[in-house]
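Please have the sequence and the coordinates at hand while reading.

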Amino acid sequence: MSSPFDGMWKAAMSEEVRKALQSVIERVNQAAARRPKTLPAVPPRLVAVSKTKPPEMVVEAYRQGQRNFGENYVNELVDKASDPLILESCPEIKWHFIGHLQKKNVNKLLAVPNLFLMETIDSVNLADKVNSSWQRLRGAGTQRLKVMVQINTSGEQSKHGLPPEETVNTVKHILSHCSALHFSGLMTIGRYGYDLTLGPNPDFQMLLSRRQEVCESLKLPLEDVELSMGMSTDFEHAIEVGSTNVRVGSIIFGNREYPNSAANTPNPSPAPSPLLELCDSEDLFGFVVLV
């Protein structure tokens with residue numbers, strides 16, 4: 001039985017999400033307009049990362065025109081993608097998996113309805129496992145699964161991803177041996193808190209150079225290899241230097257709430273104002289161009 005408070009919360013949440021999403025889309029478009037004409041004219045995709053947020057927030061963003069959503073954890077994505085409210089209200093939703101994937105969870109992830117893009121292939125072995133599982137679960141006649149290769153551009157041990165020097169060989173393996181996968185591009189998290197007054201973000205520059213290397217070595221058109229880089233704190237700079245896929249969460253849906261937080265209560269509370277927050281290593285709030 002719903003209470004008057006539920007209605008007040010939903011109304012406040014709806015307005016917060018609407019305003020925040022509109023603001024982010026405007027910033028995405030403005031950043032894209034500032035890109036040098038020498039870069040491929042690929043519109044940036046906004047991936048709204050809904051980590052820890054309720055299905056009602058996803059539905060509200062969907063109603064505002066957002067289609068691409070990202071999740072970091074397999075179990076949360078399974079629960080959310082299978083939620084009756086989302087299945088009924090969001091028939092054209094496109095889910096991105098943007099967290100670290102363990103092999104034991106591959107089958108669970110690939111069974112997710114409306115899975116659109118797996119952004120974090122970080123080894124040849126994982127690529128092979130995803131490839132064989134997709135063939136077995138979905139059948140030979142199904143559409144190939146879009147994947148990106150994750151690169152650890154900052155060299156931090158806390159970050160997942162391939163060493164940059166393994167990029168070309170890994171992409172080559174996917175193209176040659178993973179017939180059920182469609183290689184879509186490269187992805188990085190990068191080091192948090194980089195000071196842009198020091199110049200362009202070196203992690204983004206590293207991903208740009210690896211794309212150039214991949215395209216030259218494997219004879220791929222530059223515009224066919226996407227770059228997923230940029231989150232809540234740096235997505236505009238990422239787009240300006242060439243990102244085609246930005247992962248934005250907290251400034252759309254508000255600060256994240258975790259189950260073990262003392263501040264959390266069983267009752268819903270008004271959505272916090274979408275404040276800019278630094279993301280932890282799992283905080284890939286997807287921000288992708290609307291398609």
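Helices (H or I, at least four residues) and strands (E, at least two) are DSSP runs, numbered from the N terminus. The model is predicted, so local features need pLDDT of at least 70 and side-chain atom pairs count only at pLDDT 80 or more, while totals for chains, interfaces and linings use all residues. Residues are numbered from 1 along each chain as its sequence is written, and side-chain values use heavy atoms, with hydrogens and water left out.

**Core**

A nonpolar core is a set of buried Ala, Val, Leu, Ile, Met, Phe, Trp, Tyr and Cys residues joined through side-chain atoms within 4.5 Å. Buried means under 20% relative accessible area, exposed over 50%, and partly exposed in between (1.4 Å probe, protein chains only). The largest nonpolar core has 66 residues, of which Phe69, Trp95, Leu101, Leu109, Met118, Val130 and Leu145 touch the most other members. Helix α1 (residues 4–33) supplies the largest share of this core, 7 residues. A second, separate core of 6 residues includes Leu117, Met148, Met187 and Met231.

Contact here means heavy atoms within 4.5 Å. With neighbours within four places in sequence left aside, Val130 is in contact with Leu101, Val106, Leu110, Ile121, Leu145 and Leu181.

**Helix α3**

In helix α3 (residues 74–81), the residues Val74, Leu77, Lys80 and Ala81 are buried. Viewed down the axis of α3, these buried residues fall within an arc of 135°, so they line one face of the helix; the arc is that of the directions from the helix axis to the C-beta atoms. Their cover includes the helices α2 (55–63), α4 (84–89) and α5 (106–110) and the strands β2 (68–71), β3 (94–97) and β4 (115–121).

**Strands**

Two strands pair if DSSP finds at least two bridges between them. Strand β4 pairs with β3 in the parallel sense over 3 bridges, and Phe97 has Met118 in β4 as its bridge partner. Strand β4 also pairs with strand β5 (residues 145–150), again in the parallel sense over 3 bridges; here Ile121 stands opposite Val149 in β5. Of the 7 residues of β4, 7 are buried.

Gly70 lies in strand β2 and is buried, with a relative accessible area of 0%. Not counting residues up to four places away in sequence, Gly70 touches Val47, Ala48, Val49, Ser50, Lys51, His96 and Ile98.

**Rings and charges**

Rings of Phe, Tyr and Trp (its six-membered ring) pair if their centres lie within 6.5 Å; planes under 30 degrees apart count as stacked, over 60 as edge-to-face and the rest as tilted. The whole structure contains 1 aromatic pair. The ring centres of Phe69 and Trp95 are 6.0 Å apart and their planes stand at 50°, so the pair is tilted. Phe69 lies in strand β2 and Trp95 in strand β3, so the pair ties together parts that are 26 residues apart in sequence. Phe69 and Trp95 are both buried.

A charge sits over a ring if NZ of Lys or CZ of Arg is within 6 Å of the ring centre and within 35 degrees of the ring normal. Arg67 lies over the face of Tyr62, at 3.7 Å from the ring centre. The charged end of Lys94 sits over the ring of Phe116, 5.0 Å from its centre.

Most residues other than glycine have a negative phi. Asn114, in the loop between α5 and β4, has a positive phi of about 65° although it is not a glycine; Asn114 is partly exposed at 35% relative accessibility. Lys219 lies in the loop between α8 and β7 (226–228), and its phi is near 55°, also a positive value. Lys219 is exposed, with a relative accessible area of 69%.

Pro200 is found in the loop between β6 (181–187) and α8 and is partly exposed at 48%. Leaving out residues up to four places away in sequence, Pro200 touches Tyr194, Gln205 and His237. Glu216 belongs to helix α8 (residues 202–218) and counts as exposed at 52% relative accessibility.

The table lists C-alpha to C-alpha distances for pairs separated in sequence.

| Pair | Separation in sequence | C-alpha distance |
|---|---|---|
| Gly70 and Ala48 | 22 residues | 5.9 Å |
| Pro200 and Val241 | 41 residues | 8.2 Å |
| Glu216 and Val168 | 48 residues | 9.8 Å |
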